[in-house]
Amino acid sequence: MMKQALYLISLCFLSLNLNAEAVEEMAFATDPWPPYFLEGQSGDINAGIGYQIVSEIFALIPGVNATFPKVPWKRALLEVEQGVKDSIALLLKNDERAKYMRFTHPVMQSPAWMYYNRERFPDGYEWNNVNDFEGLRLGVVRGYVYGEPLDSYIANAKENVFEVTTSKQLFSMLQRQHIDLVPENTSVANDIVKTQDWRQQLGHAAKVVNTDILFIGISKKSKFVSLIPRLNDAIQMMRMSGRIDQITGTSGKSIAPFE
């Protein structure tokens, strides 16, 4: 409680000093990704776990506000690569993205599982390695990173990999048995399955596909790349105060060592 109180005092102190300087806007290209980033009735991204975390990080950095223009995922990556948008929040890091983005310290982590339809697999589904996916229809979101060795398998197994634009589309296809398996971040999957009331129909394998370590990535062409040291300080403050745990509803995850 003491750590959280000190964090809130720091937040209020910094907010009082904002009126002394002009505020710049840093644009985060954002594809709706419940429960991390939620789209409001006006079409803006204005809520969600990720939205709250990033907004509070920037409340600790006077003179800069985060904005969240809605951009489809593949275009978001392209616009950040080109410098049209400044950043993307809460994404995985890989070698390809590191060519055009610099990354903050990790913000949070969450496991990803392999989901299946219980009617398709009445005895459950388990896997040991990516070769077990041969002959099964695997659904993925175009442009997503799932971690190795699954990313390499997806890149090479064209015949049984089906790409769509959103996670919600994938789970709808899984529920209708148009595909057999879906790898997904557990928070995203839980939100979709609960919202659609598919908890009795869909399950996940015991083996973790990946521990998703989520970062803020900033375009190397953005002037805001210089903010990374200050962002790292703000992230560390929020992690150690327990504020990220409070927002995500987890216990100890944001201060535990990242895998």
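Predicted model: local features only at pLDDT ≥ 70, side-chain atom pairs only at ≥ 80, totals over all residues.
Strand E5 (residues 87-91) runs antiparallel to E11 and is joined to E11 by four bridges; here alanine 89 is partnered by isoleucine 216. Because 13 of its 18 residues are buried, E11 is largely enclosed by the rest of the structure.

The largest nonpolar core comprises 85 residues, and those with the most contacts inside this core are Ile57, Phe58, Leu150 and Phe171. E11 supplies the largest share of the core, namely eight residues. When neighbours within four places in sequence are left aside, phenylalanine 171 is in contact with Tyr115, Val182, Glu184, Ala189, Ile192, Val193, Trp198 and Leu202.

The largest pocket holds about 610 Å³ of space. Its lining consists of 28 residues, of which Asn94, Arg97, Gly143, Tyr144 and Val145 lie nearest the centre of the pocket. Two or more lining residues are given by each of helix H3 (73-82), helix H4 (95-98), strand E8 (138-141), helix H5 (150-156) and strand E11 (202-219). By residue class, the lining of the largest pocket divides into 13 nonpolar, five polar and 10 charged residues.

Key: Residues numbered from 1 in each chain as written. Heavy atoms only, no water. 1 Å grid on protein atoms, 1.4 Å probe; cavity = no way out; pocket = protein on both sides within 12 Å on 5 of 7 lines; lining within 4 Å. Points joined across faces, edges and corners; volume = space filled by probe spheres on them. Nonpolar A, V, L, I, M, F, W, Y, C, P; charged D, E, K, R; others polar. Core = buried A, V, L, I, M, F, W, Y, C linked by side-chain atoms within 4.5 Å. Buried < 20%, exposed > 50% of the residue type's maximum accessible area, 1.4 Å probe, protein only. Contact = heavy atoms within 4.5 Å. Pairing = 2+ DSSP bridges.
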